[in-house]
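Biologist: I would like to learn how to read the features of a structure like this one. Can we go through them in turn?
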Amino acid sequence: MNVFCAMGSLSWAKLSGFCLTVLVSSLTVSSSVLAGVSYAVTPIERDFVATDINDAGWVAGTRYWPSAARASLWSADSGMLDLGQLVGAMPDSMALGMNNENRVVGAGVSRVGTMPRADLRPGDNAFLWTHETGMQYLNTSGLSGDSIAAAINDQNQIAGTVTHGGTQVAVIASPEGAQRVLGTLTGGSDYSGWTGFSSAAAINAGGDVVGTSRTVGGGSHAFLWTEAGGMQDLGFLPGAYENSRATGINDARQVIGWSQGDDCWCAFLWSAGDGMRSLGYLSGAATGYERSFASDINNAGLVIGWSHVGDVAHAMLWTETAGMQDLNALIDPAEGWVLSSANGINEKRQIVGTGLLNGQSYGFLLSPVPEPATWAMMLGGLGVLFRRRRRFDV
């Protein structure tokens with residue numbers, strides 16, 4: 001477009017009309033592309049479960065080898081980095097969260113059952129990984145026999161879960177080891193006074209923490225913990241089960257998770273103004289009992305997760321304007337992907353998760369098409385065009 005718009009032999013009227021036509025045509029083509037394929041898929045690596053992504057495009061996750069599972073860090077430019085394992089701990093490690101400084105948290109674990117996971121199990125040891133120090137135990141001395149670190153914000157506050165005397169309790173920790181116990185929905189002022197449990201899943205920039213806790217009535221409910229209000233019960237979607245779990249929070253204190261209702265195990269979005277509302281599901285669960293799960297939310301309010309289509313899990317994206325969309329409908333079907341779950345989203349709307357590529361399990365990175373930088377360049381070109389028009393008028 002710049003070559004055509006530099007043609008000085010054309011009159012300004014013809015030039016401006018021509019350039020605007022080219023610009024509008026470009027935007028029209030881009031819009032038509034977005035309507036058919038709104039995300040480009042980048043395969044990360046086979047047998048890699050991508051769990052989180054920061055705004056620079058670095059991806060944290062767990063890489064599976066025949067003999068080990070390892071917390072790992074990946075970028076398109078640098079490839080895959082093995083973060084190692086904790087010395088003297090269980091033989092495997094899993095990465096659960098990261099921040100914009102590429103600090104990664106998770107746990108050294110035994111490779112038993114499903115990984116990665118946010119639930120605390122015996123033998124888990126929380127870790128913090130940095131480029132300078134490598135993988136180190138997160139200091140839980142005096143509080144914990146077992147521990148897991150689920151998320152870290154840009155202030156380096158870490159949300160996790162520790163055990164003491166057989167009780168699991170959500171905490172906020174600093175890298176230096178200072179911990180704040182968040183309590184449970186059943187109350188109590190110390191470990192000896194608590195019943196039930198609580199478990200932390202996510203933390204926002206303001207230090208607000210979400211997760212799940214057992215209630216006095218025996219159910220497990222999503223909670224929001226804030227410095228001013230303590231632990232707040234977020235309730236559950238209508239139904240007889242009274243089960244809910246919070247899995248993510250953004251800086252506006254919008255909380256996402258899932259809740260078990262009478263006819264749906266559904267993803268939810270909670271806010272102080274609207275309370276908890278169902279995000280629905282992708283139609284066609286083979287069992288007739290519909291399912292959807294929300295795993296992450298960004299500051300624009302975009303929610304990701306997964307939902308069943310027939311008996312197959314499909315990654316989903318929910319927005320306020322479009323509702324719940326199958327991410328498989330927003331990529332080029334010719335590439336051979338079945339996107340199974342979306343696990344992390346950043347402020348650039350890039351999404352990471354896991355899926356099948358030609359029948360093999362892969363981690364994936366989704367990038368909006370065109371990417372935000374492309375739109376900025378197009379709009380910047382329009383600004384240059386009108387600045388030139390003003391110069392011609394002088």
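Modeller: Start with burial. Buried means under 20% relative accessible area, exposed means over 50%, and partly exposed is in between, with a 1.4 Å probe and protein chains only. Phe293, at 14% relative accessibility, counts as buried. This is a predicted model, where local features need pLDDT of at least 70, side-chain atom pairs count only at pLDDT 80 or more, and totals for chains, interfaces and linings use all residues. Residues are numbered from 1 along each chain as its sequence is written, and side-chain values use heavy atoms, with hydrogens and water left out.

Biologist: What is the average pLDDT of the protein?
Modeller: pLDDT is the predictor's confidence in each residue, from 0 to 100. The protein averages 82, and 77% of the residues score at least 70. Helices (H or I, at least four residues) and strands (E, at least two) are DSSP runs, numbered from the N terminus. Confidence is lowest in helix H1 (residues 2–5), with a mean of 36, and highest in E26, at 98. Two stretches call for care in reading. Over residues 1–36, pLDDT stays under 50. Residues 384–394 also stay under 50. Contact means heavy atoms within 4.5 Å. Beyond four places in sequence, the model has 33 contacts for residues 1–36 and eight for residues 384–394.

Biologist: How many aromatic pairs are there?
Modeller: Rings of Phe, Tyr and Trp (its six-membered ring) pair if their centres lie within 6.5 Å; planes under 30 degrees apart count as stacked, over 60 as edge-to-face and the rest as tilted. The count by this rule is six aromatic pairs. In one of them, the rings of Trp258 and Phe293 have centres 5.8 Å apart and planes at 65°, so the pair is edge-to-face. Trp258 is in strand E19 (residues 255–260) and Phe293 in strand E22 (residues 290–297), so the pair ties together parts 35 residues apart in sequence. Trp258 is buried too, at 17% relative accessible area.

Biologist: And what are the distance and angle for Trp337 and Phe364?
Modeller: Their centres are 6.1 Å apart, with 80° between the planes, and the pair is edge-to-face. This pair also links distant parts of the chain: Trp337 is in strand E26 (residues 337–345) and Phe364 in strand E28 (residues 360–368), 27 residues apart. Trp337 is buried at 9%, and Phe364 is buried at 0%.

Biologist: Which cysteines does the disulfide join?
Modeller: A disulfide is a covalent bond between the sulfur atoms of two cysteines. Here the cut-off is a pair of cysteine sulfur atoms within 2.5 Å. The structure holds one. Cys264 is joined to Cys266, S to S 1.6 Å. The link of Cys264 and Cys266 is right-handed, with 90° about the S-S bond. Cys264 is buried at 6%, and Cys266 at 3%.

Biologist: Which residues have the most contacts inside the largest nonpolar core?
Modeller: In soluble globular proteins, nonpolar side chains tend to be buried together. A nonpolar core is a set of buried Ala, Val, Leu, Ile, Met, Phe, Trp, Tyr and Cys residues joined through side-chain atoms within 4.5 Å. The largest has 17 residues, and Tyr39, Leu317, Leu327, Leu339, Ile351 and Leu366 have the most contacts inside it. Strand E26 gives the most to this core, with four residues. Apart from it lies another core, of 14 residues, among them Val210, Cys264, Phe268 and Met276.
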